[in-house]
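Here is a short report on a single chain fold, written for someone who has not seen it before. Take a look at the sequence and the model first.

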Amino acid sequence: MKTVVLSVLAAAVLASGPPALAQVSIPNTEKLNVQPKRVKGLLLGFGYEMGEYSGQVKAVSKQTRALGMFSSDYAKTSFTVASPRLTTPMTVSCEGGQNRFGFSWIDFKRNDLAYVCNFAGGPPDASFALVLSDGKFMEKLHQPQRAAEIRYGGVTLRAKTKKLAGSMPLASTSSLSYVILKGDQEVGAVSRTTLKGTVYLPVQGSPDRDAAAAMALALFFFNDPGTQSR
């Protein structure tokens with residue numbers, strides 16, 4: 001079993017230059033970087049800033065491999081969100097994973113990916129869930145297909161994996177870019193690499209901005225078990 005604490009990787013990210021930005025054209029959105037930062041006295045995890053949003057992150061992933069017969073991926077993340085519209089910081093706790101059996105002599109359906117987040121200190125209706133989704137052949141070649149939904153302060157948004165202009169052109173074993181939708185309308189996007197990336201949020205004053213920000217952060221900090229993709 002291999003356990004990875006993401007804070008161990010944060011030092012390399014903090015020392016690196018800014019990420020390559022995806023060129024995305026979504027009307028009435030603002031482009032923001034997710035900026036990791038050191039937090040004095042914080043031994044596990046790291047801090048971040050994204051526009052008017054800031055907080056701290058702690059994330060752990062575990063992998064279990066058994067001679068090609070069984071594999072299990074597990075992710076647990078906790079992050080806080082402070083913003084001018086929250087009287088106290090909100091804590092978001094996320095957990096989930098995916099298992100797969102690999103018996104060659106029988107078709108054994110694996111458990112689908114399930115990753116959910118609970119919110120403390122936010123709107124009473126706040127919830128987030130991410131699952132496996134299907135996609136076209138070329139889409140699945142580029143990145144694993146995911147779908148997510150968030151409910152936040154009376155706003156419901158969806159997200160799905162989508163190759164964005166300017167994102168990595170080669171195939172990946174983790175989901176790198178998402179588009180955020182309200183109904184059928186694109187209202188935001190996320191383009192990520194390990195611990196760094198770019199988000200597009202509805203402009204300041206939009207009633208969807210906080211929900212989209214919470215969605216973007218949950219997607220950004222998710223340590224995706226991409227090798228389990230369809």
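Why is helix 3 largely enclosed by the rest of the structure? Of its 12 residues, 11 are buried, so helix 3 is largely enclosed. Buried means under 20% relative accessible area, partly exposed lies in between, and exposed is over 50%, with a 1.4 Å probe and protein chains only.

This is a predicted model, in which local features need pLDDT of at least 70 and side-chain atom pairs count only at pLDDT 80 or more, while totals for chains, interfaces and linings use all residues. Residues are numbered from 1 along each chain as its sequence is written, and side-chain values use heavy atoms, with hydrogens and water left out.

**Helix 3**

Helices (H or I, at least four residues) and strands (E, at least two) are DSSP runs, numbered from the N terminus. Helix 3 has 12 residues and spans 16 Å from its first C-alpha to its last. That is close to the 16 Å expected at 1.5 Å a residue; the expected span is 1.5 Å times one less than the number of residues. The buried residues of helix 3 include Ala214, Met215, Leu217 and Phe220.

Arg209 also lies in helix 3. Arg209 counts as buried, at 1% relative accessibility. Beyond its neighbours within four places in sequence, Arg209 is in contact (heavy atoms within 4.5 Å) with residues including Glu30, Glu52, Tyr53 and Arg85.

**The cores**

A nonpolar core is a set of buried Ala, Val, Leu, Ile, Met, Phe, Trp, Tyr and Cys residues joined through side-chain atoms within 4.5 Å. The largest one has 46 residues, and Phe79, Phe119 and Phe128 touch the most other members. Helix 3 gives the most to this core, with 10 residues. A second, separate core has five residues, among them Val24, Leu164, Ala189 and Tyr200.

**Aromatic pairs**

The structure holds six aromatic pairs. Rings of Phe, Tyr and Trp (its six-membered ring) pair if their centres lie within 6.5 Å; planes under 30 degrees apart count as stacked, over 60 as edge-to-face and the rest as tilted. Phe119 and Tyr152 have ring centres 6.2 Å apart and planes at 70°, so the pair is edge-to-face. Phe119 sits in strand 7 (residues 114-120) and Tyr152 in strand 9 (residues 146-152), so the pair ties together parts 33 residues apart in sequence. Leaving aside neighbours within four places in sequence, Phe119 is in contact with residues including Met90, Phe128, Ile150 and Ala214.

Ring pairs also link Phe46, Tyr48, Phe79, Phe220 and Phe221 into a cluster. Strand 3 (residues 46-50) has four of its five residues buried, so it is largely enclosed by the rest of the structure. Strand 3 runs antiparallel to strand 2 (residues 29-37), joined by three bridges; two strands pair if DSSP finds at least two bridges between them. Tyr48 is the bridge partner of Pro36.

**The disulfide**

There is one disulfide, a pair of cysteine sulfur atoms within 2.5 Å. The disulfide joins Cys94 to Cys117, S to S 2.0 Å. The link is right-handed, with 105° about the S-S bond. Cys94 is in strand 6 (residues 90-101) and Cys117 in strand 7, 23 residues apart.

| Residue | Relative accessible area |
|---|---|
| Phe119 | 15%, buried |
| Tyr152 | 8%, buried |
| Cys94 | 2%, buried |
| Cys117 | 2%, buried |
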